Amino acid sequence: PYAKRIIELFDESQKELALDNQYTERLVLGGPSSAWNYIYREVLSDFAINNQQVSLELKTHSSENTISKVLDRVIDVGISYTKPTHPNLIVHKYIEDHYKFVSRRQLNRDIEIADLSSQRFILNNWGDSFLEWFKELTGTDYLPSLAMNQTAIVVKMLEEHDYFSLLPDRK
């Protein structure tokens, strides 16, 4: 793992040296793909269009890997669903979590806690604070019939089958 990190740091320094010829700044952002796809996609697109003098790079990682790369200074700003505890990191709470139930077909009634035990419910892991909130609702003994931490797969399953899940609500 150390050799891999050294090579990655070397590659990043090469990119910084190449900056002089094309861009005035470089911004490297890291975080889960779900953050880029479902929360920040429009903002990132607007930023890239309106700041063409900035080389913008997105790196997709787990929250833990993102935190590590911020500490290594490979990433300038990291998005994490898990609150970092390292003393050298400054944490800015950017969004307050709001989620909504999503399904391919119309949900004709309110979702109740008992519905979360349904074979149709997919529990997607949105991070520690989400899981804490969710366990407060369901109880600590709750075990979903289907759980994962890959949002792209959840969305595909929602589009193709009669599942329902919680997705971030962009407010």
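Biologist: Which residue forms a salt bridge with Arg109, and what makes the pair a salt bridge?

Modeller: Arg109 pairs with Asp115, and their closest N and O atoms are 2.8 Å apart. A salt bridge is a side-chain nitrogen of Lys or Arg within 4 Å of a carboxyl oxygen of Asp or Glu, so the pair of Arg109 and Asp115 at 2.8 Å qualifies. Please keep in mind that this is a predicted model, in which local features need pLDDT of at least 70 and side-chain atom pairs count only at pLDDT 80 or more, while totals for chains, interfaces and linings use all residues. Residues are numbered from 1 along each chain as its sequence is written, and side-chain values use heavy atoms, with hydrogens and water left out.

Biologist: Why is Asp115 called buried?

Modeller: Buried means under 20% relative accessible area, exposed means over 50%, and partly exposed is in between (1.4 Å probe, protein chains only). Asp115 has a relative accessible area of 14%, so Asp115 counts as buried.

Biologist: How many salt bridges are there by this rule, and which residues are joined into one network?

Modeller: The count comes to 6 salt bridges, and those that share partners join Arg26, Glu57 and Lys59 into one network.

Biologist: What does the salt bridge between Asp162 and Arg104 tie together?

Modeller: The closest N and O atoms of Asp162 and Arg104 are 3.2 Å apart. Asp162 lies in the loop between helix 6 and strand 7, whereas Arg104 lies in the loop between strand 4 and strand 5, so the pair ties together parts that are 58 residues apart in sequence. Helices (H or I, at least four residues) and strands (E, at least two) are DSSP runs, numbered from the N terminus. Asp162, at 35% relative accessible area, is partly exposed, and Arg104, at 47%, is partly exposed as well.

Biologist: What makes strand 4 and strand 6 edge strands?

Modeller: Two strands pair if DSSP finds at least two bridges between them, and an open sheet of 4 strands has the order 4-7-5-6, with mixed pairing. Strand 4 (99–103) and strand 6 (147–148) each have a single partner strand, so one side of each is left without a neighbour in the sheet. Strand 5 (residues 121–124) runs parallel to strand 6 and is joined to it by 2 bridges, which meets the requirement of at least two. Asn124 has Met148 in strand 6 as its bridge partner.

Biologist: How do you know that the buried residues of helix 6 are on the same side?

Modeller: The buried residues of helix 6 are Thr151, Val154, Val155, Met157 and Leu158. They cover an arc of only 160° around the axis, which puts them on the same side of helix 6; the arc is that of the directions from the helix axis to the C-beta atoms. Among the elements that cover these residues are helix 2 (33–38) and strand 4, where contact means heavy atoms within 4.5 Å.

Biologist: Why is His61 called buried, and where is its place?

Modeller: His61 has a relative accessible area of 17%, so it falls under the 20% limit and is buried. Its place is in the loop between strand 2 (54–60) and helix 4 (63–71).
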